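The sequence and the model are shown first, and the description follows.

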Amino acid sequence: MEPLMLSLDLLGVLAFAVSGNLLAARKNIDIMGSLVLGLCAGLGGGMMRDVILGRVPNSLQEPIYLIPPVVTALTVYLLGQRALHARVPIVAFDALGLGVFATTGTTIAMDAGLPFASAILLGVLTAVGGGMIRDVLANEIPAVFNGSDLYIIPAIVGAGLTALLWGIGWFESWVALVIAALVFLVRMLAWHREWRVPSPMRGWSYSGARSVLPLRGRLFAFRRPSGRDRGVFAPRRSRRTAEPDDRDPED
């Protein structure tokens, strides 16, 4: 792997490792558990891709891949309480890793001689695989199953663009950076604007669905809570406190 692509791959490992360690901090997991979560998030997708390709994973051939998860685990541990409420950084680093791995995973698959569609599939697997392992271990609903703000769609677009440009001979290292940045921006914009794929109807009735949907994913770390979500669990005032007491105090 050429130096720029290796650096981009390590950036993806770092980004996902940070998201895993910050999520561990939110879950009050100790430093060893945080390290395991960062390793799984940063290296899981690439390992699955390489095993499918029938080769020794890059993270096992190159020990340098182990440095980002270890460094991030120590850094988040030293941050202490500051990492407990790091919701936006979790999403941002996750989106960064998504964009980087969608690009590098597809290029590795194309370089191995896989067909166009198979390369896209492996690129998406590289992008979302580590995050899926991280969420399952942290008892979260994986983002790809939560309909959370177009999580998997940007990865598909990034992998598709990478495979297309590779196929026509226009792919360069700087193009990989542009595609990764595009995936990152789309993912963050979707999270900020709360763009979501349609959810299944509940009870074959829209009115029935509307009463259930606000409850879904409210505590999910990778979904931005809407105004409706924030008000779902607001405590209701009792009639005694809500209505002023207009009785005469002398009665």
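Leu23 lies in helix H1. The model is a predicted one, and in it Leu23 has a relative accessibility of 0%, so this residue counts as buried. Along the chain, Leu23 and Asp135 are 112 residues apart, yet a distance of 8.8 Å separates their C-alpha atoms.

## The chain as a whole

How many helices and how many strands does the chain have? There are eleven helices and zero strands. Read from the N terminus, the order of elements is accordingly α-α-α-α-α-α-α-α-α-α-α.

The chain has 251 residues, and 43% of them are buried. Contacts between residues at least 6 apart in sequence can also be examined by their separation: 76% of these contacts join residues at least 24 apart.

## Helices H1 and H5

Two packed helices are described by the angle between their axes and the distance between the axes. For H1 and H5, the angle is about 150° and the axes are 8 Å apart. An angle over 145° counts as roughly antiparallel, so H1 is roughly antiparallel to H5. The crossing in which H1 passes H5 is left-handed.

## Aromatic pairs

The model contains two aromatic pairs. One of them is formed by Phe16 and Phe101, whose rings are stacked, with 5.6 Å from centre to centre and 20° between the planes. Phe16 belongs to helix H1 (residues 3-26) and Phe101 to helix H5 (residues 87-111), so this pair ties together parts of the chain that are 85 residues apart in sequence. Both Phe16 and Phe101 are buried.

Trp166 and Phe171 also pair: their ring centres are 5.7 Å apart and their planes stand at 45°, so this pair is tilted. Is each of its members buried or partly exposed? Trp166 is partly exposed, with a relative accessible area of 32%, whereas Phe171, with a relative accessible area of 14%, is buried.

## Thr126 and its surroundings

Thr126 has its place in helix H6. Its relative accessibility is 1%, so Thr126 counts as buried. Which residues does Thr126 touch, leaving aside those up to four places away in sequence? They are Gly45, Gly46, Arg49, Phe101 and Gly105.

## Helix H8 and its cover

Helix H8 covers residues 173-193, which is 21 residues. From its first C-alpha to its last, H8 reaches 31 Å, close to the 30 Å expected at 1.5 Å a residue.

The buried residues of H8 are Ser173, Val175, Ala176, Ile179, Ala180, Val183, Arg187, Met188, Ala190 and Trp191. Their cover includes H1, H5 and helix H7 (152-167).

## How H7 meets H8

The axes of H7 and H8 come within 9 Å and cross at roughly 160°. H7 is therefore roughly antiparallel to H8. The crossing of these two helices is right-handed.

Which residues make the contact between H7 and H8? On H7 they are Pro154, Ala155, Gly158, Leu161, Thr162 and Leu165. On H8 they are Val175, Ile179, Leu182, Val183, Val186 and Arg187. Val175, Ile179, Val183 and Arg187 are also among the buried residues of H8.

## Two loop residues with positive phi

Most residues other than glycine have a negative phi. Asn139, which is not a glycine, has a positive phi near 60°. Asn139 lies in the loop between helix H6 (116-137) and H7, and is exposed, with a relative accessible area of 68%.

Glu194 likewise has a positive phi, of about 60°, although it is not a glycine.

Notes
Residues are numbered from 1 along each chain as its sequence is written. This is a predicted model: local features need pLDDT of at least 70, side-chain atom pairs count only at pLDDT 80 or more; totals for chains, interfaces and linings use all residues. Side-chain values use heavy atoms; hydrogens and water are left out. Rings of Phe, Tyr and Trp (its six-membered ring) pair if their centres lie within 6.5 Å; planes under 30 degrees apart count as stacked, over 60 as edge-to-face and the rest as tilted. Helices (H or I, at least four residues) and strands (E, at least two) are DSSP runs, numbered from the N terminus. Buried means under 20% relative accessible area, exposed over 50%, partly exposed in between (1.4 Å probe, protein chains only). The expected span of a helix is 1.5 Å times one less than its number of residues. Contact means heavy atoms within 4.5 Å. Axes are lines fitted to C-alpha atoms, for helices over the stretch in contact, and angles run from 0 to 180 degrees between N-to-C directions. Angles under 35 degrees count as roughly parallel, over 145 as roughly antiparallel, 65 to 115 as roughly perpendicular and the rest as oblique. A crossing is left-handed if the near helix is turned anticlockwise from the far one by less than a right angle, and right-handed if clockwise.
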